[in-house]
Amino acid sequence: MLPSPGVVAEALADAVASGQMLTNIEVSLGRLILSFVLAVCIGAPIGLFMATSRFGRDFFEPIVDLVRPISGIAWIPFALYLIGISPALPIFIMTYVAVFPIILNTYSAACNVQGVLVRAARVLGLRRGMIVAKVYVPAALSGILTGARLGIGGAWLALVAAEFIGAPDGLGFSIWYFAGQVRTADMLAYVAVTGLGGFLSDRLIRLLQRTLAPWSS
Amino acid sequence: MSETTRRLAFPAPTDARRFGTGVLAVATIAGLWQLWAHQSDGRIPTISEVIAHGANLVATGELPHALVVSIGRVLAGFAIASAVGIPVGLAMGYLRPLGRFVDPLLQAFRSIAPIAVLPLFLLWFGQGNAAAALVVAYAAVFPIIVNTIEGVARADAKLVAAAKTLGLPPMQILLHVLVPGAVPNIITGARIGMGIAWGAIIAAELAVGSESGASGGIGQLMFASYAYQLDVGNLVVYMISVGVVGYLIDRGFRAVIRHVSPAHRGV
């Protein structure tokens with residue numbers, strides 16, 4: 001019922017030796033990184049816009065409140081209907097999952113920027129775009145990265161579900177492929193790799209946070 | 001004067017203007033959806049069609065029944081997660097060496113997605129409610145443990161010292177000092193866990209959807225309306241229902257936290 005760690009390690013070694021594991025990691029990691037970049041490029045500007053403009057906040061807040069409770073997983077069947085089984089599906093789901101923590105954390109971090117700094121920048125004659133770039137972005141950086149960390153964690157969890165149902169390959173697909181074949185040891189090898197991936201990406205962003213925003217706790 | 005500084009100078013905007021912008025936001029989304037629906041030659045249902053589907057699904061009892069089934073599974077799994085997670089969290093937070101010893105294990109399993117352990121649970125427990133409830137329990141247990149540990153660890157050292165000075169045995173300190181102090185954290189953990197659990201049950205039901213049609217929850221209905229009937233109107237209604245239930249669950253927990261927290265503030 002449950003293969004021993006030795007058997008799982010053997011299956012893992014086989015999968016690595018045959019190159020299958022590496023191919024799947026490459027495929028899934030590529031999708032994850034693309035989704036992550038998309039989520040930051042969409043989420044951080046929206047969060048900053050919400051924090052620096054009354055209209056931005058009043059406009060985006062209800063949209064985020066309305067859409068966010070619909071979990072990424074609940075989008076899978078609809079996305080399947082729209083896109084079909086393709087790499088675009090897990091990318092869509094993962095971007096969707098990652099974008100909300102990035103928006104909310106960017107927004108709250110940028111809101112906490114000290115009014116003194118903003119007023120000082122204004123007195124010194126900085127234009128609005130420069131105030132956003134030079135005052136809000138550095139202040140919000142830590143929040144953006146916290147959002148990114150939560151977002152990438154959520155994206156890893158979504159990856160397994162999204163690739164299982166909607167993609168022709170990848171780590172999530174492999175887990176369910178081997179589950180279907182009742183090759184539990186191979187399946188667990190892939191489960192372990194997704195877990196390790198989630199763990200490592202979390203540590204990587206924490207490291208990034210300490211390097212880029214050492215003032216954050 | 002820029003919008004930025006005006007906002008800082010007058011931090012409270014009028015509610016009417018805020019409401020108006022909110023209406024504009026929702027209207028924009030609705031308008032875009034309608035435009036999309038009309039461009040799609042019937043592939044995407046219009047808003048009125050979605051409402052008609054929703055009314056029909058409520059009238060036939062299909063949607064309420066599925067939601068009750070899914071919520072029941074979530075509650076069962078959530079009960080297991082609380083029964084395991086709170087004592088484990090208390091023990092790990094109170095007995096520091098134990099906490100340090102178990103922590104790497106906790107971190108390792110926390111990184112593994114609930115959906116990734118689902119096939120294993122299906123293999124062990126079959127396609128029924130047990131596997132679904134256990135996936136939920138697995139999803140919810142980690143935030144509960146982590147937040148309970150934090151709640152115990154953040155307890156006021158002065159209170160603990162006072163209790164010790166008054167001669168309370170360790171078990172009494174745990175029950176009368178640390179647990180009450182940790183309650184807001186425990187509820188926060190429960191709230192996060194519940195959010196993840198609600199997502200996990202949908203995924204679990206989608207994954208087993210093809211096998212166990214009749215006793216289906218909302219995830220199974222979603223699977224069926226995609227795979228067998230291809231009824232997009234129903235699919236959109238199911239998606240919205242998932243969002244509404246998730247929202248209501250979260251609001252419920254927030255209300256509980258607001259209710260509980262003031263009593264513990266400053267303790």
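Predicted model: local features only at pLDDT ≥ 70, side-chain atom pairs only at ≥ 80, totals over all residues.
## A salt bridge inside chain B

A salt bridge here is a side-chain nitrogen of Lys or Arg within 4 Å of a carboxyl oxygen of Asp or Glu. B:Glu205 belongs to helix α9 (residues 170–208) of chain B and B:Arg73 to helix α4 (residues 62–94) of chain B, so the pair ties together parts that are 132 residues apart in sequence.

Are these two partners buried or exposed? B:Glu205 is buried, with a relative accessible area of 1%, and B:Arg73 also counts as buried, at 6% relative accessibility.

## Chain B as a whole

Chain B has 267 residues, and 46% of them count as buried. Its accessible surface comes to about 13,300 Å², with 68% of that belonging to carbon and sulfur atoms.

## Where the two chains meet

Now for the interface. Here, 48 residues of chain A are in contact with 49 residues of chain B. The area buried between the two chains is about 4,700 Å², and carbon and sulfur atoms give 74% of it. On the chain A side, A:Arg54, A:Phe78 and A:Tyr81 lose the most area to chain B, together 18% of what that side buries.

The rule finds four residue pairs in polar contact across this interface (both at pLDDT 80 or more). Several helices of chain A each supply at least two residues to the side that touches chain B, among them α2 (20–52), α4 (76–83) and α7 (128–166). The largest share, nine residues, comes from α3(A). Sorted by class, that side of chain A has 34 nonpolar, seven polar and seven charged residues.

## Charged pairs across the interface

Side chains of opposite charge can pair when their charged atoms come close. The whole structure holds twelve salt bridges over all chains, and two are found across the interface of chain A and chain B.

Which residue of chain B pairs with A:Asp58? That's B:Arg18, with the closest N and O atoms 3.3 Å apart. B:Arg18 lies in helix α2 (residues 15–39) of chain B and A:Asp58 in helix α3 of chain A, so the pair joins two chains. B:Arg18 is partly exposed, with a relative accessible area of 30%, whereas A:Asp58 is buried, at 3%. B:Arg18 also forms a salt bridge with A:Glu61, where the closest N and O atoms are 2.7 Å apart.

## A pair within one helix of chain A

Chain A has a salt bridge of its own between A:Asp202 and A:Arg206, with the closest N and O atoms 2.9 Å apart. The two are four residues apart in helix α9 of chain A, so about one helical turn separates them. A:Asp202 counts as buried at 19% relative accessibility, while A:Arg206 is partly exposed at 31%.

## Two loop residues in chain A

A:Pro87 lies in the loop between α4 and α5 (88–111) of chain A and is partly exposed, with a relative accessible area of 39%. Leaving out residues up to four places away in sequence, A:Pro87 touches A:Arg31 and A:Pro168.

A:Val182 is found in the loop between α8 and α9 of chain A. Its phi is near 55 degrees, a positive value in a residue other than glycine. A:Val182 is exposed, with a relative accessible area of 53%.

Terms used: Residues numbered from 1 in each chain as written. Chains lettered and ligands numbered in written order. Heavy atoms only, no water. Contact = heavy atoms within 4.5 Å. Buried area = accessible area lost by both parts, 1.4 Å probe. Polar contact = N/O pair within 3.5 Å; in protein donor to acceptor, adjacent residues only side chain to side chain. Nonpolar A, V, L, I, M, F, W, Y, C, P; charged D, E, K, R; others polar. Buried < 20%, exposed > 50% of the residue type's maximum accessible area, 1.4 Å probe, protein only. Areas by Shrake-Rupley, 256 points an atom, 1.4 Å probe, with all protein chains shown as cover.
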